[in-house]
Amino acid sequence: MNLGVIFELQNVRKVYKMGTERVIALEDISLTFEEGKTYCLLGTSGSGKSTLLNLLAGLEKPTSGSIKFKGRPLEKLSEKQLTLYRQGYIGFVFQSYNLLPTLTALENVTLPLIFRKIGSFKRKKAAFKMLKAVGLGKRWRHKPHELSGGQQQRVSLARAFVNEPQVIFADEPTGNLDTKTTFEMMDLITGMARERGQTLIIVTHDTEISDYADQIIQMRDGLIESIKENERKISHENEEINGNNPGDSADSGVDATDAGGE
């Protein structure tokens with residue numbers, strides 16, 4: 001199977017000015033990312049991995065070099081075009097979940113669809129379907145403070161996937177979770193991305209998390225130290241992603257019309 005290139009980086013450099021000092025965050029990075037594969041940007045704090053993710057997401061622009069998304073240079077896009085790029089093609093999973101505390105799980109998941117001006121009934125139906133997919137169909141009314149850390153991250157996953165983006169960025173997605181929940185979450189996120197043919201780019205310092213990737217990009221001091229195909233990749237090819245995920249009760253007796261309220 002021939003996979004298309006979704007990101008192509010050529011001689012990317014990122015320099016930050018801090019007073020009179022210049023800090024080189026990335027130095028001469030050239031990479032390609034293929035559609036439908038899972039990648040891990042692995043490195044310690046200060047290695048440049050989060051900076052690289054921010055550049056790929058269009059949150060920052062490179063000091064020099066080129067970053068192309070499906071052949072389109074991101075560095076040449078206006079802020080409005082970059083916003084539309086993120087809304088249309090990108091999903092984010094954060095370490096700290098980034099849920100709005102006053103909104104229910106369902107309302108949090110609908111947010112990306114609101115920005116795309118999807119109608120109320122359709123976005124609630126899509127959000128409820130995604131909450132069922134991550135095992136939270138019975139908890140759609142709950143607010144973040146009523147959910148465990150693992151459940152909050154599942155809401156974050158549902159929000160990232162609800163827009164059916166081509167790319168999912170996961171920045172230390174299990175940093176606040178215990179070991180058991182970490183593996184459950186990684187099984188879920190990688191399985192969902194694989195099932196949907198999405199490119200998944202994970203940022204982590206944890207070598208156990210890197211085992212889930214097809215390719216591991218080791219970074220140090222703003223440079224690529226090594227790139228290797230992962231022969232030890234954890235595989236769950238025979239598992240199905242459904243409403244009955246580890247650690248959650250089965251979803252039954254709740255329908256999308258109830259969730260939609262219409």
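Lys 117 is exposed, with a relative accessible area of 76%. Good morning. The model I am presenting is a predicted one, and I begin with this residue because its 76% lies over the 50% cut-off for the exposed class. Lys 117 sits in the loop between α3 and α4, the latter spanning residues 120-133. Its phi is near 60 degrees, a positive value in a residue other than glycine. As background, most residues other than glycine have a negative phi.

A second residue of this kind is Asp 28, which is not a glycine but has a positive phi of about 55 degrees. Asp 28 belongs to strand β2, residues 21-34. With a relative accessible area of 47%, Asp 28 is partly exposed.

I turn now to helix α3, where Glu 107 is found. Glu 107 counts as partly exposed, at 36% relative accessibility.

Finally, the largest pocket holds about 410 Å³ of space. It is lined by 15 residues, and those closest to its centre are Ile 90, Phe 92, Pro 112, Phe 115 and Arg 159. Two or more lining residues come from each of α2 (79-89), β6 (90-94), α3 (105-115) and α5 (149-161). Which element gives the most to this lining? That is β6, with four residues. By class, the lining comprises seven nonpolar, five polar and three charged residues. Thank you.

How values were computed: Residues are numbered from 1 along each chain as its sequence is written. This is a predicted model: local features need pLDDT of at least 70, side-chain atom pairs count only at pLDDT 80 or more; totals for chains, interfaces and linings use all residues. Side-chain values use heavy atoms; hydrogens and water are left out. On a 1 Å grid over the protein atoms alone, a cavity is a set of points where a 1.4 Å probe fits but cannot get out, and a pocket is an open set with protein on both sides within 12 Å along at least five of seven lines; lining residues have an atom within 4 Å of a point. Grid points are joined across faces, edges and corners, and a volume is the space filled by probe spheres set on the points. Ala, Val, Leu, Ile, Met, Phe, Trp, Tyr, Cys and Pro count as nonpolar, Asp, Glu, Lys and Arg as charged, and the others, Gly among them, as polar. Buried means under 20% relative accessible area, exposed over 50%, partly exposed in between (1.4 Å probe, protein chains only).
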